[in-house]
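This report describes selected features of the structure shown below, beginning with the relation between copies and ending with a single side chain.

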There are 4 protein chains.
Amino acid sequence: MAGNTFGKLFRLTTFGESHGAAIGGVIDGCPPGLIVDMDAVQRDLDRRKPGQSAIVSQRKENDGVQFLSGIFEGKTTGAPIGFVVNNTNQKPEDYSHIKDVYRPSHADYTYDKKYGIRDYRGGGRSSARETISRVVGGAIAKQLMPDVKINAFVSSVGEIFIDKPYQALDFSLTESNAVRCPDLATAKKMEDYIKEIRKEGDTVGGTITCVLQNVPAGLGEPVFDKLHAELGKAMLSINAVKGFEYGSGFCGAKMKGSEHNDLFNPDGTTNSNLSGGIQGGISNGMDIYFRVAFKPVATIMQQQQTIDAHGKEVTMQGKGRHDPCVVPRAVPIVEAMAALVLADFLLQNKIYQD
Amino acid sequence: MAGNTFGKLFRLTTFGESHGAAIGGVIDGCPPGLIVDMDAVQRDLDRRKPGQSAIVSQRKENDGVQFLSGIFEGKTTGAPIGFVVNNTNQKPEDYSHIKDVYRPSHADYTYDKKYGIRDYRGGGRSSARETISRVVGGAIAKQLMPDVKINAFVSSVGEIFIDKPYQALDFSLTESNAVRCPDLATAKKMEDYIKEIRKEGDTVGGTITCVLQNVPAGLGEPVFDKLHAELGKAMLSINAVKGFEYGSGFCGAKMKGSEHNDLFNPDGTTNSNLSGGIQGGISNGMDIYFRVAFKPVATIMQQQQTIDAHGKEVTMQGKGRHDPCVVPRAVPIVEAMAALVLADFLLQNKIYQD
Amino acid sequence: MAGNTFGKLFRLTTFGESHGAAIGGVIDGCPPGLIVDMDAVQRDLDRRKPGQSAIVSQRKENDGVQFLSGIFEGKTTGAPIGFVVNNTNQKPEDYSHIKDVYRPSHADYTYDKKYGIRDYRGGGRSSARETISRVVGGAIAKQLMPDVKINAFVSSVGEIFIDKPYQALDFSLTESNAVRCPDLATAKKMEDYIKEIRKEGDTVGGTITCVLQNVPAGLGEPVFDKLHAELGKAMLSINAVKGFEYGSGFCGAKMKGSEHNDLFNPDGTTNSNLSGGIQGGISNGMDIYFRVAFKPVATIMQQQQTIDAHGKEVTMQGKGRHDPCVVPRAVPIVEAMAALVLADFLLQNKIYQD
Amino acid sequence: MAGNTFGKLFRLTTFGESHGAAIGGVIDGCPPGLIVDMDAVQRDLDRRKPGQSAIVSQRKENDGVQFLSGIFEGKTTGAPIGFVVNNTNQKPEDYSHIKDVYRPSHADYTYDKKYGIRDYRGGGRSSARETISRVVGGAIAKQLMPDVKINAFVSSVGEIFIDKPYQALDFSLTESNAVRCPDLATAKKMEDYIKEIRKEGDTVGGTITCVLQNVPAGLGEPVFDKLHAELGKAMLSINAVKGFEYGSGFCGAKMKGSEHNDLFNPDGTTNSNLSGGIQGGISNGMDIYFRVAFKPVATIMQQQQTIDAHGKEVTMQGKGRHDPCVVPRAVPIVEAMAALVLADFLLQNKIYQD
């Protein structure tokens with residue numbers, strides 16, 4: 001229970017269901033005196049929302065954030081920042097067909113097993129709409145760290161992937177296309193593929209790569225709260241995520257030590273960076289990069305066999321306005337969670353100052 | 001700071017450096033009345049310790065655990081369980097050559113940057129010797145859940161991997177060989193390869209797969225403390241881990257929804273299990289399985305260029321009795337961390353009982 | 001930082017300033033399936049609000065609570081319960097006279113020292129209006145424990161006090177008078193005294209006694225999270241509280257062991273109850289009772305010498321609609337905090353069930 | 001469960017029973033680079049131990065602390081500090097007479113009710129011997145704050161009390177007498193009274209006053225983790241404590257606002273200090289002072305009627321070497337807990353630094 005708070009010192013507590021009155025949260029521990037750029041918060045929310053392009057869900061949601069406390073005359077005061085985003089597009093009737101049905105690879109069955117009760121409207125608490133609160137929290141966290149650069153992008157969709165190192169990419173192109181892939185030739189292929197998948201009534205998975213730059217050395221708290229362990233938890237807590245790797249990741253498991261070790265330059269930087277900017281769970285000042293795997297969206301527009309709450313076999317088919325591929329809209333969510341982790345560790349690290 | 005506690009209700013707090021007086025910890029929140037099988041705890045410690053076979057570190061460490069509290073007349077009392085494992089094999093002189101040197105891809109540099117001071121003897125707190133406390137905590141956690149089966153095994157070393165699904169393996173063979181690979185033909189190849197690597201003075205990475213069976217449905221606390229998010233954090237907190245995936249993992253990111261969805265049987269089980277036993281962050285009663293990537297050990301017996309604390313370039317070479325491949329000894333650590341996560345969620349889940 | 005969450009398993013996180021858009025909070029960890037009595041929540045809020053009688057603040061505040069999540073078809077779902085109470089009576093202009101002034105014995109000075117910025121409107125976050133969220137959280141907590149009886153009442157105002165043991169009182173009379181004192185003769189004296197004090201433009205302190213009945217044995221988590229330690233923290237966190245004692249309290253410090261020990265009856269109850277229902281930090285099934293001291297309200301309608309933010313001496317006088325005595329309105333707040341503590345420990349105690 | 005950790009950033013986790021192998025703990029979050037004065041730690045332990053004078057328990061306990069980790073070459077490293085104090089004076093046979101008996105006003109009954117099992121030797125975990133770990137933790141915390149002065153002293157025993165404000169006392173006299181009362185005339189009376197009580201085979205309660213000086217303004221985290229709320233919890237968590245008040249305390253509840261308000265001087269100090277150095281839960285730079293009530297020790301050397309675990313009435317009498325009055329030995333414990341609270345808030349407050 002009580003799993004709806006993230007962070008130790010910069011803490012985000014969230015609430016809200018897909019079709020309840022509102023999604024919202026409380027940011028506790030934000031240092032005072034921060035001038036809040038409201039537009040920047042809203043921009044991140046707009047990047048997350050459906051209906052932005054032809055390849056994502058066509059639902060229309062305004063998702064305007066309203067801050068209720070903790071900000072006075074444009075600045076944070078040190079008091080908790082409460083916020084809400086009203087759910088203006090609720091159509092409960094859309095979901096009557098799933099009221100008693102367990103959708104395959106959704107959380108319907110497990111929520112029923114755990115809680116004995118389920119808000120079946122649009123996934124309820126298990127809906128990705130919950131991530132709105134994460135994006136708001138992350139947007140504030142980013143503003144605390146103006147020097148840190150956080151750039152996530154879609155690095156693969158299905159079997160299509162960017163076959164360049166991130167250093168060869170121009171992150172300013174990420175937002176230039178509907179897929180959020182900064183390699184434009186690959187973006188085009190991904191977009192075409194997603195359209196094709198959608199026509200089939202199917203969905204497809206993908207990966208997001210995220211690069212954190214200008215992160216100071218020293219962040220992370222061994223032995224359990226290592227920087228990459230918290231980043232991993234943060235990413236794995238996002239809906240549909242199946243894997244996380246950083247630095248050399250799973251490839252590193254195939255390598256030899258003589259190939260994998262990052263040799264130091266006299267200034268403390270390293271010649272290579274297979275460590276991914278983290279050694280012993282603590283940032284070393286080099287770029288941090290990691291990759292997150294998302295499964296295909298479970299709601300497909302094809303007939304599927306399933307069961308209802310009474311164990312009866314039924315046939316169902318997705319309705320409505322779902323994403324054929326989740327990764328384009330998940331890019332700002334990955335960035336937000338990374339920002340929450342970094343902001344928390346930056347505050348924790350202040351303890352080491354004289 | 002204060003990153004040395006793991007868990008919410010079943011909490012393990014650890015301490016100890018490689019060459020300090022002792023490694024130890026406190027288990028707080030263990031329910032009372034548990035009859036503790038001390039031999040089982042020691043068996044897990046023995047599986048972790050060096051010197052067990054020709055392919056691991058040849059250091060001799062007794063690693064006998066001593067419980068100091070919380071157990072009375074053989075049973076837990078509900079009071080915190082303090083324990084220590086004395087460091088009987090301390091040879092500080094072995095480490096004088098690294099006192100001022102930053103070993104490549106070790107935590108020397110980052111500990112210095114973070115703390116401004118470093119116990120340089122054998123890695124200090126960043127040494128894998130710290131995992132002794134995890135193994136003790138995990139061994140108690142396992143005893144709380146006699147029905148749950150936790151089986152980890154080495155699934156790859158370098159490019160050599162088991163090319164069978166875990167269902168085709170006999171876990172009782174895992175402990176029959178030095179590599180801890182239950183597929184004996186593959187185990188032989190791995191062992192030969194590790195010996196060869198060691199002759200080269202080199203090291204190699206690998207992966208461990210872990211299967212959790214008989215886990216009841218309902219474990220996990222959305223939206224942040226999802227079961228797989230905590231498993232991921234637990235695994236990523238182990239030294240040398242670079243990646244974590246569960247269920248379909250990174251492969252799932254290449255699949256279509258129509259391929260990936262697990263269809264329900266009338267009894268609530270699923271026909272396939274690409275979900276990896278977890279939906280929406282909550283266990284569904286099916287097998288949970290995940291894979292953990294370990295980088296090659298950073299200490300190699302070859303000359304490497306590096307720097308010292310003053311930024312001067314120096315040449316160094318590993319000395320002593322290091323593992324050419326960490327995964328065989330990491331198997332009980334992966335199991336221990338999985339046990340800690342499950343025990344904690346089992347206790348959290350009691351809240352849902354009437 | 002991040003001091004706005006109370007509880008471990010039943011967790012209340014609050015936000016909101018006196019003159020911001022809203023007061024609100026999130027209850028995380030409320031078990032699913034609870035039928036929420038909305039009217040009961042509102043009743044407790046109404047007991048807290050100003051303008052109820054001639055002896056409290058004459059401000060008019062509606063304080064209608066709106067639940068935003070976590071409740072579906074009248075029942076809790078296990079998801080976090082977000083709620084807001086809009087601030088409908090905001091008059092920022094009322095407070096311009098204190099913008100730069102440090103009111104004596106208020107939190108103006110310390111908030112400025114700590115945060116470097118202050119929402120000066122009506123005390124901002126330090127306003128007692130913050131307790132609205134506590135009352136909402138406590139009202140839900142009470143509903144989780146229908147068998148537990150929580151009765152707080154005003155036991156003294158200034159030098160006037162009830163000179164009877166609580167067992168001689170009829171708690172059903174507490175709400176029958178404006179002071180919330182169940183001893184009607186004493187209530188009358190208190191009321192007269194408060195009116196007199198108000199005429200003087202002055203304020204007065206008082207104490208609240210709280211009795212918890214039908215609390216099961218076993219609640220409390222030694223050695224730090226003892227039941228009375230958490231009750232004490234909960235009470236001391238309420239604005240204006242200066243002291244807490246339970247059972248024999250400060251009087252017990254004057255007694256001998258032979259007088260103070262509670263002898264057992266054969267059924268495990270005790271003959272006397274100077275322990276106050278708690279031994280070793282754990283409830284024993286007897287009545288729990290404690291007393292909370294409130295200082296006089298700092299805002300008085302008399303001229304006071306003070307300083308402004310620049311250290312300049314200024315003279316000020318309270319304006320507006322303040323309470324001459326805080327204890328009558330603090331009764332539901334004391335009850336709410338007690339309920340939060342008990343609900344949390346009841347959930348924690350589920351771990352001890354088979 | 002898991003109630004054996006105190007603090008957020010400077011965290012003390014303790015373990016150990018009266019007659020187990022050892023008492024110990026882990027301090028996690030102590031900043032690196034602190035030169036540890038081991039003698040100062042031992043001095044505080046020696047002040048706590050029995051057998052120091054004619055008026056306390058005559059048990060002989062060495063209580064030598066051994067640090068196991070986190071300190072290297074005399075300095076803290078930022079790693080967790082594990083420590084143990086071996087129990088060298090264990091005589092389990094002394095306690096056979098209470099194995100099945102519930103001693104009045106002890107924790108025997110409640111531990112049995114809660115845990116279903118009890119380490120009956122000398123109180124087990126509920127023994128005051130547990131406070132050894134607190135004293136060690138507090139001694140390290142004090143060294144982190146060399147400028148802060150923490151002075152506790154016995155302010156009353158039974159009906160005998162110091163009738164002077166603390167400002168009139170010379171704290172350097174506290175350790176000059178067996179009672180730890182800095183007012184020597186009163187100390188003499190207390191000592192005589194305790195001796196008399198002991199002759200009667202009885203015990204007596206008392207109070208400790210504690211004064212914290214040179215505490216910087218800004219400590220405390222509203223709205224729940226107010227400085228005095230955490231101090232109160234810390235004190236109430238000590239065995240035998242029945243009450244806590246700070247500043248004007250319960251007397252303040254009798255006062256008028258016009259008497260109670262502390263008027264500001266131009267430099268931000270206050271003319272009076274009924275606030276007790278804390279306003280709105282945050283320190284204001286003035287002296288912090290509070291008072292803690294201890295009940296009489298429950299073990300008396302007189303015949304008492306009680307019951308055993310089967311509900312049978314039995315007669316018992318205390319044996320062995322118990323304190324007739326707990327407050328002299330509790331003085332260093334009060335100081336230690338105050339130090340733990342302040343150190344934690346000092347670290348938390350670093351977040352507000354630029």
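## Relation between copies

Copies are superposed by least squares on the C-alpha atoms of residues with pLDDT of at least 70 in both, the model being a predicted one. On that basis, chain C is brought onto chain D by a rotation of 180 degrees, with 0.0 Å of shift along its axis and an RMSD of 0.0 Å. The two copies are thus related as by a two-fold rotation axis.

Because 99% of the interface residues of chain C are also interface residues in chain D, the copies meet through the same surface.

## A sheet and its helices in chain D

In chain D, five strands make up an open sheet with antiparallel pairing, and their order is 1-2-3-7-4. Its edges are strand 1 (5-6) and strand 4 (65-67) of chain D, each of which pairs on one side only. Within the sheet, strand 2 (residues 11-15) and strand 3 (residues 22-28) of chain D are joined in the antiparallel sense over five bridges, and Thr13(D) stands opposite Val26(D) of strand 3. Helix 3 (residues 131-144) of chain D packs on the sheet, where it touches strand 2, strand 3, strand 4 and strand 7 (81-86), and its direction makes about 35 degrees with that of strand 3 of chain D.

Helix 1 (residues 38-48) of chain D has among its buried residues Ala40(D), Val41(D) and Leu45(D), but also Asp44(D), Arg47(D) and Arg48(D). The buried residues of helix 1 pack against strand 4, strand 7, helix 3 and helix 8 (327-349) of chain D.

## The nonpolar core

In soluble globular proteins, nonpolar side chains tend to be buried together. The largest nonpolar core here contains 350 residues, of which Phe290(A), Phe290(B), Phe290(C) and Phe290(D) touch the most other members. Leaving aside neighbours within four places in sequence, the contacts of Phe290(B) include Ile208(B), Leu212(B), Leu231(B), Met235(B), Phe244(B) and Val334(B), as well as Thr209(B) and Glu245(B).

## A buried asparagine in chain A

Asn284(A) lies in the loop between strand 14 (282-283) and strand 15 (288-294) of chain A. With a relative accessible area of 5%, under the 20% limit, Asn284(A) counts as buried. Its side chain makes a polar contact of 3.4 Å with the side chain of Gln279(A), and a polar atom of that Asn284(A) side chain lies 3.0 Å from the backbone nitrogen of Met286(A). Not counting residues up to four places away in sequence, Asn284(A) touches Ala217(A), Gly277(A), Ile278(A) and Gln279(A), together with Tyr109(B) and Thr110(B).

Technical notes: Residues numbered from 1 in each chain as written. Chains lettered and ligands numbered in written order. Predicted model: local features only at pLDDT ≥ 70, side-chain atom pairs only at ≥ 80, totals over all residues. Heavy atoms only, no water. Core = buried A, V, L, I, M, F, W, Y, C linked by side-chain atoms within 4.5 Å. Buried < 20%, exposed > 50% of the residue type's maximum accessible area, 1.4 Å probe, protein only. Contact = heavy atoms within 4.5 Å. Pairing = 2+ DSSP bridges. Helix = DSSP H or I, 4+ residues; strand = E, 2+ residues; numbered from the N terminus. Axes fitted to C-alpha atoms, helices over the stretch in contact; angles between N-to-C directions. Polar contact = N/O pair within 3.5 Å; in protein donor to acceptor, adjacent residues only side chain to side chain.
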